[in-house]
Amino acid sequence: WYQRRVRGQQICQGAPYDHNKCICKCSSNFEVDPANDTQCIDIDECKNPNMTCPNGRKCVNTPGSYHCECLDGFENDWTNSGACIVKNECEIPHIVAQCLSKKNRTCINTIGSYNCSCKEGFEEVSGVCTQVDECKTGGDECEYFCEDNAGSYKCSCPPDQKLDHNLHTCSMIECATPTMRN
């Protein structure tokens with residue numbers, strides 16, 4: 001009988017007169033390849049239904065083992081016991097610079113990615129962020145005048161009136177009652 005180690009993961013034993021026939025025993029977490037009984041193949045622990053990773057993690061098979069890592073779009077929060085948290089691509093300086101290099105855009109984080117979206121008060125028209133005229137879309141609430149500004153609008157009144165507390169209607173400015181002097 002003889003014994004030989006093959007590729008570090010198996011030990012094959014056979015009769016000394018028949019080197020083409022051997023019986024292989026595989027190392028832990030490996031199994032005999034059904035297609036070639038002289039080879040050992042890795043057992044994919046991730047395919048085992050009893051093997052589960054903690055919530056928010058996925059199983060990654062490695063030769064002879066496995067490990068759990070955060071799902072795509074998440075990262076380890078080393079300050080909180082290594083829990084998986086949403087990765088914020090908008091905190092990466094070159095991504096922020098890329099978004100800000102496009103006029104009137106800001107970075108919006110999404111799970112696994114980000115978008116360079118128009119800032120508040122702007123909308124995309126033919127690939128360009130243009131200011132929304134809120135006087136046309138919501139300024140009809142103003143009793144007299146509407147002044148558009150980035151992201152909002154402001155109502156104003158004629159010179160002899162003042163803006164009411166609701167910031168949309170106007171009322172006459174009351175004159176102070178004169179006092180009598182002796």
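Mentor: A residue is called buried when its relative accessible area is under 20%, exposed when that area is over 50%, and partly exposed in between. Please keep in mind that the model before us is predicted.

Trainee: Why is Gln 161 called buried?

Mentor: Gln 161 has a relative accessible area of 15%.

Trainee: Which residues are in contact with Gln 161, leaving aside its neighbours within four places in sequence?

Mentor: They are Tyr 144, Cys 170, Ser 171, Met 172 and Ile 173. As for Ile 173, its C-alpha lies 5.1 Å from that of Gln 161, while 12 residues separate the two in sequence.

Trainee: What share of the protein is buried?

Mentor: Of the 182 residues, 25% are buried. The protein exposes about 13,200 Å², and 51% of this area is supplied by carbon and sulfur atoms. Its secondary structure comprises 2 helices and 17 strands.

Trainee: How many aromatic pairs does a search of the whole structure find?

Mentor: The search finds 1 aromatic pair. The rings belong to Tyr 144 and Phe 145.

Trainee: What makes the rings of Tyr 144 and Phe 145 a pair, and is that pair stacked, edge-to-face or tilted?

Mentor: The ring centres are 6.2 Å apart, and a pair requires centres within 6.5 Å, so the two rings qualify. The planes stand at 40°. Stacked requires under 30 degrees and edge-to-face over 60, therefore this pair is tilted.

Trainee: Are Tyr 144 and Phe 145 buried, partly exposed or exposed?

Mentor: Tyr 144 has a relative accessibility of 41%, and Phe 145 has a relative accessible area of 43%. Both values lie between 20% and 50%, so each residue is partly exposed.

Trainee: How do you know that strands β6 and β7 are paired?

Mentor: Pairing requires at least two bridges, and 6 bridges join β6, residues 57-62, to β7, residues 65-70; the strands therefore pair. They run antiparallel. Within this pairing, Lys 58 stands opposite Glu 69 in β7. The hairpin has 2 residues between the strands, and Gly 64 takes a positive phi near 80° there.

Trainee: Why do Asn 29 and Ser 126 fall into separate classes of accessibility?

Mentor: Asn 29 has a relative accessible area of 35%, which lies between the two limits, so the residue is partly exposed. Ser 126 has 76%, which is over 50%, so that residue is exposed.

Trainee: What makes the contact of Lys 58 with Asp 72 a salt bridge?

Mentor: The distance from N to O is 3.1 Å, and the limit is 4 Å, so the side chains meet in a salt bridge. Lys 58 lies in strand β6 and Asp 72 in the loop between β7 and β8, so the pair ties together parts that are 14 residues apart in sequence. Lys 58 is partly exposed at 27%, and Asp 72 is exposed at 63%.

Trainee: How many salt bridges does this rule give?

Mentor: The count comes to 2. Glu 124 and Arg 105 also form a salt bridge, their closest N and O atoms being 3.3 Å apart. Glu 124 lies in strand β12 and Arg 105 in strand β10, so the pair ties together parts that are 19 residues apart in sequence. Arg 105 has a relative accessible area of 8%, under the 20% limit, and is therefore buried.

Trainee: How do you know that Glu 45 has no salt bridge?

Mentor: The nearest side chain of opposite charge, Lys 47, is 11 Å away. A salt bridge needs atoms within 4 Å, so Glu 45 has none. Leaving aside neighbours within four places in sequence, its contacts include Asn 29, Gly 64 and Tyr 66.

Key:
Residues are numbered from 1 along each chain as its sequence is written. This is a predicted model: local features need pLDDT of at least 70, side-chain atom pairs count only at pLDDT 80 or more; totals for chains, interfaces and linings use all residues. Side-chain values use heavy atoms; hydrogens and water are left out. Helices (H or I, at least four residues) and strands (E, at least two) are DSSP runs, numbered from the N terminus. Buried means under 20% relative accessible area, exposed over 50%, partly exposed in between (1.4 Å probe, protein chains only). Accessible areas come from the Shrake-Rupley method with a 1.4 Å probe; for residues, only the protein chains shown count as cover. Rings of Phe, Tyr and Trp (its six-membered ring) pair if their centres lie within 6.5 Å; planes under 30 degrees apart count as stacked, over 60 as edge-to-face and the rest as tilted. Lys and Arg count as positive and Asp and Glu as negative; His and the chain ends are not counted. Contact means heavy atoms within 4.5 Å.
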